[in-house]
Structures are given as C-alpha cells and as structure tokens.
Amino acid sequence: MGKFIHTQNSFAHGEVASEFFGRGDISATSKGLSRLENMDVLPSGGISRRPGTVRLFEVAPDSVLVPFSVSNDENYLLVLSNENIQICKDGAAMRNIPAPWSKAELQSVQYAQRFGTMIFVHPNHRPQILQKSASGDFSLSDFNFHIDDQQQIRIPFIRFDNAAGIRLSIATHQNGNSFASVTASAPIWNENYVGSALLFMNRQWIVTEFINPTRITVATNGGYSLPSLPISDWREAAFSRARGWPASITFHQNRLIFGGSRDWPCGVWMSKVGDHTNFDAGAGLDDEAIFLTLLSSTRQQICTVASADNLQILTSAGEWAITAKPLTPTNIDIRQHTSVGSKSDIYLQPQKIEGSTVFVSRAGRAIRELVLDDLNNTYSAVDLCALSPHLMTAPADMAYHDASCRLFVPQQDGTMAVLTKIAPLGISAWAVYKTTGAFKSVAVMNDSVYVAAKRDDGTFVERFDKDAFTDSGEYEFSHAAAGMPLFAGAHNPKSVRLSKLSARVLDTKSLFFLADGRRIRAGLPNEIFASGAPGYSGDTGINIVGTVHDAILPLWAITGDEPLPTTILSITAEGRFSI
C-alpha cells in the first residue's frame, strides 16, 4: 500500500462528466471536478459559492428578457410576454406596450439594436421597431420598406416554389385603367395576399381584393397595356402576410441583414449601405442592396445571422460565412465552413466571447465556438461542452456576462449551466446553478445579470447580487464541489484509505467536508462570526484516520447550505492507496 498526498490547486476545468473518470492522462483529471453545483470558478482557478438573487418585480409566466440600451447611461430591461412588452428600468417595471407576438411565438422572436432603436423579427409578423422618443415615451411600430416617388416598394421579388408553372391571365377591371383582374391557372391566392406586392409586366402591383383561390384584383401606378396571352414571368414580394416575414436579423457593415423567412428559409437580404429600409438591388452598385440564396446539397434553414469580423450565417445544417471586405454586390465570398447546425425551434442568441461567436448546436446538447483561422481564413466549430456534455440537456436561453467572463444557459428543467471561460488563464469551466423553482430566462444589462425565475408564488425578475446569500430574498440554496477519483503512479487504485482532508480558504465562514458518509464541519475561528467581521483566510481541515474510500468515487467533497461565504483555493487529501 502506497502513501499519497494529493493537492488540487486549480479547478479550471469545472465539472467533468463521469466518462472521464478513467482518463488520468488528460488535464481534466488534475484540474477538473466531478461536481460543481452553485459555485463559480474564479480567475485564480479557485471556486466560490455563487451569489444569490434579489427579487425585483413580478412578470407573466414564460416571459423572455431582452436588454435595451438607449445610451451609455440609459438602459432598460424589456420583458416580452403574451402580446406585450414591459419596459423596466432600475429594477422596476415602468409601462406596457402591446406587441403582436403570442405566447407560443415568443421563443422565436429575434432582435437587433442600432443606436437607440431595436428591431424585432418573427416569420409570422411584420418586423417591429421599438424606439424611445425625445419626450421619453416608448413606441412599437411597423417596419416599412422604402417606397420611392413612383410608389415602388424597394424589396426583392421572388418566384416561390409552389408558384412555378402557374400562369396569370390579366383582364381589365371596372375600377379603372390602373386596376386589373388577375386569374391564376391553379389555386394559389388567399386572403393574406391583400396588401401584398406582385411583379409582372415590368411593374409592381398591389393586391387590393381577394375573390377566390384563383382570382384577385390588383392595382398599379398608372395605366398599362393588356397582354395577349397568359403570362408565366411573374414574381412575389419576398416578404408579405402571404409569404411570411424575416426570421433573423443583424447589422453588418452598415447594412441591415435579414436571414431566412417563413417561405424562403435560405435567403439572405442585405439593405443598401446606410439606408436600412431599402432592399432594392438596383444596378448592382457597391453600396446597393444584395440578395442571395444559400445553395447546397442539403436543405438549409437559416436560424440566425451574426455580425463578427465576417458575416456569419448559422443554419440548421451548418455554419456559413461571407468574408468579403467591403461587402458589395460584386464581392461576395460565401461558403459553408462547418456542418454542426444550429437549434431551429427556438431562438438562442449567439454570444460574443473573447472575439468568437458561441452558439447552441442543432441537437441542443452542445455549445459550439466558431473560431477563425486567420491564416487559412476558415472557421472551425469547437465543442465547449466536450468535457461536460451532461450539463447541456435542453437550453432555453443564453446570455454572456463580460465582466465575470461567464456564459449563462438556463435549461428547460429549470437548472442553469454556467461556463466560466478565460482563455489566457486556461479556464474553461462548467458549473450548474440550482434554485427553489426554476430559472426560465436570462439577460445581461449594464454589468448586471437578470433572470426570470419561477417561484412558488409566481414568476419574478431577479438580479444576481454579490451581497445576497439567498435566492429571491427567501430561498436558501446549498452548494457543493467534489474532486476527481485518485490517480496514483499512472494507475487507477483499487482502494483508498483517507487520513486527512484540508483546504486553503479565502474569506470563508462555512465549510463542510463529506467523508465516510458523514458531513463534517471544518474548524473556523469564532471571531469571524462577529457582526461585520471578514471571513477566515488560511488553512483548515479534518482528520479521518482509517476511512475506507471506494477508488471510483471522488477523492474529496465539500458542501454547505448555510447562507455564508465560501471560497476554496485548494484542497489536499492525504492517505494510502493499493493498486
């Protein structure tokens, strides 16, 4: 039987899945943990009990949180709920604005902000613009595409797949020579076409009346000559009530970018430079609008578009990028770089972490990081959950807090996976947050992290606060950490006999070790419990001579349920082992 003294002074890999318990050859075994619950990994590599939350105000169940910054010192939290936007500031709800999205549609609403304006998109609704006026009032209004002096809408026109082969017969109409009766050779029209734009005979027409699935009335600007035969060369506006609206949005190189729509899921529309309502390609000049369709051997549904060093297009089947600089109609370098695919049934906004784009994979079981190889100008999609796949069960939201270098990912089961990522210090550590109730949504605004949390008495917006030691002001939570199994002499021991566990702590007022099936309190000086006194910093431990330990189990474990600070810098275990 050999003697060992094992010290772990870095927890930089966070919680590691049990399938790595036999891998003594990788750094995860020396810097990882088998459990990390309600604790954070620090830049130093230590671990600390997570902050609690402060309750702010009640919201509707299944609310979605969105940050809205009007200026550097004027920030608002938007709470999206069933057909409503609640405007909140400084931890209080201010007012409500009617919105078009139903409860079932909320998790597919996407948004992008430029200066003091935010644009929301959803494939079933016309884009909406949220603005704050000079008088301080908020308004939500329709996004309208540019209409020129000839009453022509500046938007691309498309021949949709289910309209291929359909011919239109044009006849005069009793309302005058700017109206026409249009009869399709097959049923295609419905009531949603009223107000939509069509393109045929080299002019735009607006549908003014739906008569039946084959007949509509249209109007144009000025007179026209009747064609002698049915026409087959006709197109529809890319966006309308009949064909759906943009599904994703971003700004890139001073262009407004729309990605995908309900009936054209693989389209990318880029506005004219500096004119974000004008999507007419015109004569193809450098600053004019651009329209393209992703072409591949597999069906591509655009899930979201993201502006980084390049324009990134994340689809259900892979990750594309347009690397042209500047981006012009004649300078389009677009290709698919990876084939991971993104989650398409709900919107999980990609986050910028250390210059890279981080997104949820198609199956929802991994967080991927798009990393650009500057030498070859190609992307790779690195799996940030490779060591901790068990923590990513079903993501429901995602937000990154730059000040703490933490990515917060609430899960549909109410837990929240939290990644601390500090590449220069070698830290990429997952932990799990648990609470009484459920974490539902998350947003980062003005250096604060907000959550929508479901409690026994309702759903509330809460803010993480370093001075709070309970959740929502009343719910206590326990914390826990556990090491990896012992690896000794390049072997997996058969049995372990512990004799002592010790920890180096910082500003700590509560610490329990788990050993021999018991929870044993570590000794701390009495003076730290005086009112206003700092916690203990130094070494503490317990003697457990003769404790037999199953070698496959974590070598050590700590826990605590007292609402007091706990920070661990290192853990040392002493004892004997047999091979």
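This is a predicted model: local features need pLDDT of at least 70, side-chain atom pairs count only at pLDDT 80 or more; totals for chains, interfaces and linings use all residues.
Rolling a probe the size of a water molecule over the atoms shows where empty space is left. A total of 29 residues line the second largest pocket, and those nearest its centre are Asp-40, Arg-49, Arg-50, Pro-51 and Lys-466. Sorted by class, the lining of this pocket comprises 15 nonpolar, six polar and eight charged residues.

Several strands contribute to that lining. At least two residues each come from strand E6 (47–49), strand E36 (406–410), strand E40 (448–455), strand E41 (458–465) and strand E43 (495–508).

The salt bridges are the next topic. Side chains of opposite charge can pair when their charged atoms come close. The structure contains 28 salt bridges.

One of them joins Lys-132 to Glu-74, with 2.9 Å between the closest N and O atoms. This pair connects distant parts of the chain, since Lys-132 belongs to strand E14 (residues 125–132) and Glu-74 to strand E9 (residues 74–81), 58 residues apart. How accessible are the two partners, Lys-132 and Glu-74? Lys-132 has a relative accessibility of 25% and therefore counts as partly exposed. Glu-74 has a relative accessible area of 18%, so this residue is buried. The cut-off that matters here is 20%, because buried means a relative accessible area under that value.

Another salt bridge is formed by Glu-354 and Lys-421, whose closest N and O atoms lie 2.9 Å apart. Here too the pair links distant parts of the chain: Glu-354 sits in the loop between strand E31 (351–353) and strand E32 (356–360), while Lys-421 is in strand E37 (residues 416–422), 67 residues away. Is Lys-421 buried or exposed? With a relative accessible area of 8%, Lys-421 is buried.

Lys-343 has a relative accessible area of 17%, so Lys-343 counts as buried.

Salt bridges also occur as a network. Which residues are linked in a network of salt bridges? They are Glu-236, Arg-243, Arg-262 and Asp-263.

Definitions and conventions: Residues are numbered from 1 along each chain as its sequence is written. Side-chain values use heavy atoms; hydrogens and water are left out. On a 1 Å grid over the protein atoms alone, a cavity is a set of points where a 1.4 Å probe fits but cannot get out, and a pocket is an open set with protein on both sides within 12 Å along at least five of seven lines; lining residues have an atom within 4 Å of a point. Helices (H or I, at least four residues) and strands (E, at least two) are DSSP runs, numbered from the N terminus. Ala, Val, Leu, Ile, Met, Phe, Trp, Tyr, Cys and Pro count as nonpolar, Asp, Glu, Lys and Arg as charged, and the others, Gly among them, as polar. A salt bridge is a side-chain nitrogen of Lys or Arg within 4 Å of a carboxyl oxygen of Asp or Glu. Buried means under 20% relative accessible area, exposed over 50%, partly exposed in between (1.4 Å probe, protein chains only).
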